[in-house]
Amino acid sequence: MLVGVPLEEGAPTRGCCMGPDAYRTAGLRQELEAFGHSVRDLGNLRKEEVEPLTCGNPAVKNLEAMAGWTRSISKCSSKLGRDPVFPIFMGGDHALAAGSVAGLAEAAAESGRPLFVLWLDAHPDFNTLESTESGNLHGTPLAFLCGLPGFDSYLGEPVRHPLAPEHVEVLGVRSIDAKERQLLVKAGAGVSDMRRIDEEGIGAPLRQFLDRVKRHNGLLHVSLDVDFLDPGIAPAVGTTVPGGATFREAHLVMEMLHDSGLVSSLDLVELNPFLDDRGRTARLMVDLVASLFGRRVFDRPTRSF
């Protein structure tokens, strides 16, 4: 099930609102159908209108828009989480995960199974409305989802089913704010930075996390940010950080996730087509989804850019 989320108010650079249509143009639906899946595209969501909101931190931007998007997305994802479908949320900046994961966590709680989240990102997005210095709310969704205080305005109430921080793994991180680091350490969320990946390879921390999900009979949501990838292969993102995952590291992650059989939902976020090079990043992201759904190395077509 494809869901477009043309959200760009959480990011400082405009253009992520074009992401959902870029995935459609790059052939995401056709790739999934080639694997024998029945695919339905629900079109693009629209944000709800909310009451005027205030925040004690004057740096915070677009709080009302973020609350409207979070409420709209969470209602959609909660419904899809109860249905026998695999939701793919096509963004849109990473603030969309506040809604997608909140709704899925509610559905998971009703099913009696814990929700685990693999956060593939250069940033942990663990700032609060109080700690953020930039005020860009795509840097806050994981803190909101883990139940840190101060986010009642997002849903009009505290998040009903916060993630257990030990059920979260941030993989590929290489840019963390000082206050954000303190919040991460205190909460106890899992973080595997690029230093660990350089030393151990990307498979080791991922395998340990997947083993944990399996032991707990968990549902696994994957939130894939374009800036998880090295900007040399994925330039279409407004928050480029050198030293990201290589082409093969990224595909290995997806191949291992497919082999695990644990993944139940997916975010594709931060694709900014305005910054892309002839659709290069969009096509790479679609290729990664194909690996998640079972494309093998032997099946990969030759492609030049």
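Thr 25 is placed in helix H1 of this predicted model. Its relative accessibility is 71%, and Thr 25 therefore counts as exposed, the threshold being over 50%. Between Thr 25 and Ala 109 there are 35 Å in space, C-alpha to C-alpha, and the two residues are 84 apart in sequence.

Leu 155 has a relative accessibility of 22% and so counts as partly exposed. When neighbours within four places in sequence are left aside, Leu 155 is in contact with Thr 70, Arg 71, Ser 74 and Phe 144.

Helix H4 covers residues 97-111, which makes 15 residues. From its first C-alpha to its last, H4 reaches 20 Å, close to the 21 Å expected at 1.5 Å a residue. The helix is mostly covered, with eleven of its 15 residues buried. These buried residues are Ala 97, Ala 98, Gly 99, Ser 100, Val 101, Ala 102, Gly 103, Leu 104, Ala 105, Ala 107 and Ala 108.

In the loop between strand E3 (88-91) and H4 lies Gly 92. The peptide bond that leads from Gly 91 to Gly 92 is cis, and its omega is near 15°. Just after H4, Gly 112 adopts a positive phi of about 80°.

H11 is mostly covered, since eleven of its 13 residues are buried, that is, under 20% relative accessible area. The buried set consists of Thr 281, Ala 282, Leu 284, Met 285, Val 286, Asp 287, Leu 288, Val 289, Ala 290, Ser 291 and Leu 292. Against these buried residues pack helix H1 (19-25), helix H2 (28-34), strand E7 (219-225), E3, H10 and E8.

One of these partners may be described in detail. Helix H10 (residues 247-260) packs with helix H11 (residues 280-292) at an angle of about 35°, and their axes are 7 Å apart. On the side of H10, the contact is made by Phe 247, Ala 250, His 251, Met 254, Glu 255, Leu 257 and His 258. On the side of H11, Leu 284, Asp 287, Leu 288, Ser 291 and Leu 292 take part. By class, this contact between H10 and H11 comprises seven nonpolar, three polar and two charged residues.

Most residues other than glycine have a negative phi, and most peptide bonds are trans. Asp 125 has a positive phi of about 55° although it is not a glycine. Its place is in the loop between strand E4 (115-120) and helix H5 (141-145). With a relative accessible area of 5%, Asp 125 is buried. Arg 278 is likewise not a glycine, and its phi is positive, about 55°. Arg 278 occurs in the loop between strand E8 (263-269) and H11. At 63% relative accessibility, Arg 278 counts as exposed.

| Residue | Phi |
|---|---|
| Gly 112 | about 80° |
| Asp 125 | about 55° |
| Arg 278 | about 55° |

**Pocket and cavity**

The largest pocket has a volume of about 290 Å³. It is lined by 20 residues, of which His 123, Ser 134, His 138, Gly 139 and Asp 177 are the closest to its centre. By class, the lining of the largest pocket divides into two nonpolar, ten polar and eight charged residues.

The count of cavities of 30 Å³ or more comes to one. The largest cavity has a volume of about 30 Å³. Its lining is formed by Ala 11, Pro 12, Thr 13, Cys 16, Gly 238, Glu 270 and Asn 272. Three of the residues in the lining of the largest cavity are nonpolar, three are polar and one is charged.

Key. Residues numbered from 1 in each chain as written. Predicted model: local features only at pLDDT ≥ 70, side-chain atom pairs only at ≥ 80, totals over all residues. Heavy atoms only, no water. Axes fitted to C-alpha atoms, helices over the stretch in contact; angles between N-to-C directions. Helix = DSSP H or I, 4+ residues; strand = E, 2+ residues; numbered from the N terminus. Contact = heavy atoms within 4.5 Å. Nonpolar A, V, L, I, M, F, W, Y, C, P; charged D, E, K, R; others polar. 1 Å grid on protein atoms, 1.4 Å probe; cavity = no way out; pocket = protein on both sides within 12 Å on 5 of 7 lines; lining within 4 Å. Points joined across faces, edges and corners; volume = space filled by probe spheres on them. Expected span 1.5 Å × (residues − 1). Buried < 20%, exposed > 50% of the residue type's maximum accessible area, 1.4 Å probe, protein only.
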